[in-house]
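User: Hi, I have a new structure open and I need a hand reading it. Can we go through it step by step?
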Amino acid sequence: MLYGDLRHARDVFKKGENVTSALREQFDIKYNSPEIIEIAYDLQSGSYINAVKEKRRYWLNYTTEISNVLHKYCIDAESILDVGTGEMTTLAGVANKFYNETSDYYACDISWSRLIRGVGFLAEELSESVFRKITPFVANLFQLPFVDGAIDVIWTSHALEPNGGQEKVALTELLRVSRRKLILFEPYYEGNSSEGRQRMDRLGYVKNIPQIIKECGATCDEIIPLKNISNPLNPTYAFVVTPPVKLINKEADLLWACPATQFPLSRVGDCFWSEYSMFAYPILQGIPILRPESAILASALEG
């Protein structure tokens with residue numbers, strides 16, 4: 001695990017410089033590991049909410065455009081998951097558009113600090129009835145705490161973006177959990193300008209998404225360029241994906257799975273617990289921490 005003295009990373013962020021680049025140099029690795037991504041975004045928690053408040057018109061336009069794409073595939077979905085939700089700013093705009101039309105909603109991020117700030121933002125932006133339908137939790141997108149085919153529709157908004165070099169691992173996991181559709185709102189390296197591709201290379205962003213979707217046995221139905229973009233060097237495209245048939249069969253009545261073992265997981269008092277692995281996962285200020293490294297062996301919970 002790549003943790004340690006983070007004061008240098010904090011100072012880099014305060015100077016307005018790129019934290020992931022600084023951390024890759026500090027830890028001497030060539031890609032953005034989950035720890036680097038967590039640290040970089042945790043340090044900037046709250047900044048996305050501030051950006052929405054400063055540029056609310058853009059936020060409304062962007063989330064409306066995303067909602068228009070999602071709504072087509074979510075009309076009769078029983079479950080929807082936003083992976084890499086961050087401070088839940090994009091989720092708030094989307095939820096305001098149509099989340100009252102379906103039943104179960106989930107949102108995860110690797111950073112607890114971003115989620116706890118996002119919960120406050122959601123409470124301000126959504127009606128109480130919609131707010132209560134959303135279950136936020138901490139998770140790593142490479143080890144989601146769900147059984148195979150648990151979620152009807154999974155979507156991301158620039159969550160895959162920093163995971164260059166790990167595209168296939170990430171997509172394989174997202175496709176494992178998605179039952180009907182996976183919709184990725186991500187940068188498109190091959191569709192970007194020369195200057196934009198150079199920037200994506202420098203920051204360690206994802207590449208070859210359509211090809212890797214195919215390699216995973218899924219089908220990329222559409223690639224839709226979004227009109228509302230905040231940075232012309234990092235335009236957003238919607239990749240609408242149908243998972244492989246062999247991955248979309250849902251086991252009856254099972255949803256959560258231990259992220260370390262994939263055994264069934266359920267809420268037990270003030271934690272999530274698997275009677276198979278006997279791992280317990282804590283809940284911090286109402287947010288479950290469902291990452292493998294957060295597991296506590298708790299056989300005494302049995303019975």
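Analyst: Let's begin with one residue. Glu-173 counts as buried, because its relative accessibility is 10% and the cut-off for buried is under 20%. Keep in mind that this is a predicted model.

User: Where does Glu-173 lie?
Analyst: Glu-173 lies in helix H9, which covers residues 167-177.

User: And what does Glu-173 touch?
Analyst: Leaving out residues up to four places away in sequence, Glu-173 touches Leu-141, Phe-142, Gln-143 and Leu-144.

User: Which side chain makes a polar contact with the side chain of Glu-173?
Analyst: That is Arg-176. The side chains of Glu-173 and Arg-176 are joined by a polar contact of 2.9 Å.

User: OK, new topic. Trp-155: buried or exposed?
Analyst: Trp-155 is buried. Its relative accessible area is 0%. You will find Trp-155 in strand S4, residues 151-157.

User: What does Trp-155 touch?
Analyst: Again, residues up to four places away in sequence are not counted. Among the residues that Trp-155 touches are Ile-66, Leu-70, Ile-80, Leu-81, Ile-183 and Phe-185. Thr-90, Leu-91 and Val-94 are also among them.

User: Which side chain makes a polar contact with Trp-155?
Analyst: The side chain of Tyr-99 does, at 3.1 Å from the side chain of Trp-155. Tyr-99 is also one of the residues that Trp-155 touches.

User: How far is Trp-155 from Lys-181, going by C-alpha atoms?
Analyst: Their C-alpha atoms are separated by 8.4 Å. Along the chain, Trp-155 and Lys-181 are 26 residues apart.

User: Let's go back to Thr-90, Leu-91 and Val-94. Which helix has them among its buried residues?
Analyst: Helix H6. Its buried residues are Thr-89, Thr-90, Leu-91, Ala-92, Gly-93, Val-94, Ala-95 and Phe-98. Eight of the 10 residues of H6 (89-98) are buried, so the helix is largely enclosed by the rest of the structure.

User: What about helix H3? How many of its residues are buried?
Analyst: Eight of its 10 residues are buried, and H3 (residues 34-43) is mostly covered. The buried ones include Pro-34, Ile-36, Ile-37, Ile-39 and Tyr-41. Glu-35 and Glu-38 are on that list too.

User: What do the buried residues of H3 pack against?
Analyst: They pack against three helices: H2 (19-27), H4 (47-54) and H7 (112-125).

User: Now a loop. Where is Asn-231?
Analyst: Asn-231 sits in the loop between strand S6 (219-225) and strand S7 (236-242). With a relative accessible area of 24%, Asn-231 is partly exposed.

User: Which backbone nitrogen lies 2.9 Å from a polar atom of the Asn-231 side chain?
Analyst: The backbone nitrogen of Leu-233. Also, the C-alpha atoms of Asn-231 and Gly-196 are separated by 9.6 Å, and these two residues are 35 apart along the chain.

User: Let's zoom out. How many helices and strands are there?
Analyst: The protein chain has 11 helices and 12 strands.

User: What is its radius of gyration?
Analyst: It is 19 Å. A compact globule of 303 residues would have a value near 19 Å, so the two agree. The C-alpha trace spans about 60 × 45 × 40 Å along its principal axes.

User: And how much of the chain is buried?
Analyst: Of the 303 residues, 53% count as buried. The accessible surface comes to about 13,900 Å², and 50% of it belongs to carbon and sulfur atoms.

User: Last one. How many positive and negative side chains?
Analyst: There are 31 positive and 38 negative side chains, and the centres of the two sets lie 5 Å apart.

Terms used
Residues numbered from 1 in each chain as written. Predicted model: local features only at pLDDT ≥ 70, side-chain atom pairs only at ≥ 80, totals over all residues. Heavy atoms only, no water. Helix = DSSP H or I, 4+ residues; strand = E, 2+ residues; numbered from the N terminus. Buried < 20%, exposed > 50% of the residue type's maximum accessible area, 1.4 Å probe, protein only. Polar contact = N/O pair within 3.5 Å; in protein donor to acceptor, adjacent residues only side chain to side chain. Rg over C-alpha atoms; globule rule 2.2 N^0.38 Å. Areas by Shrake-Rupley, 256 points an atom, 1.4 Å probe, with all protein chains shown as cover. Lys, Arg positive; Asp, Glu negative; His and termini not counted. Charge placed at Lys NZ, Arg CZ, Asp CG, Glu CD. Contact = heavy atoms within 4.5 Å.
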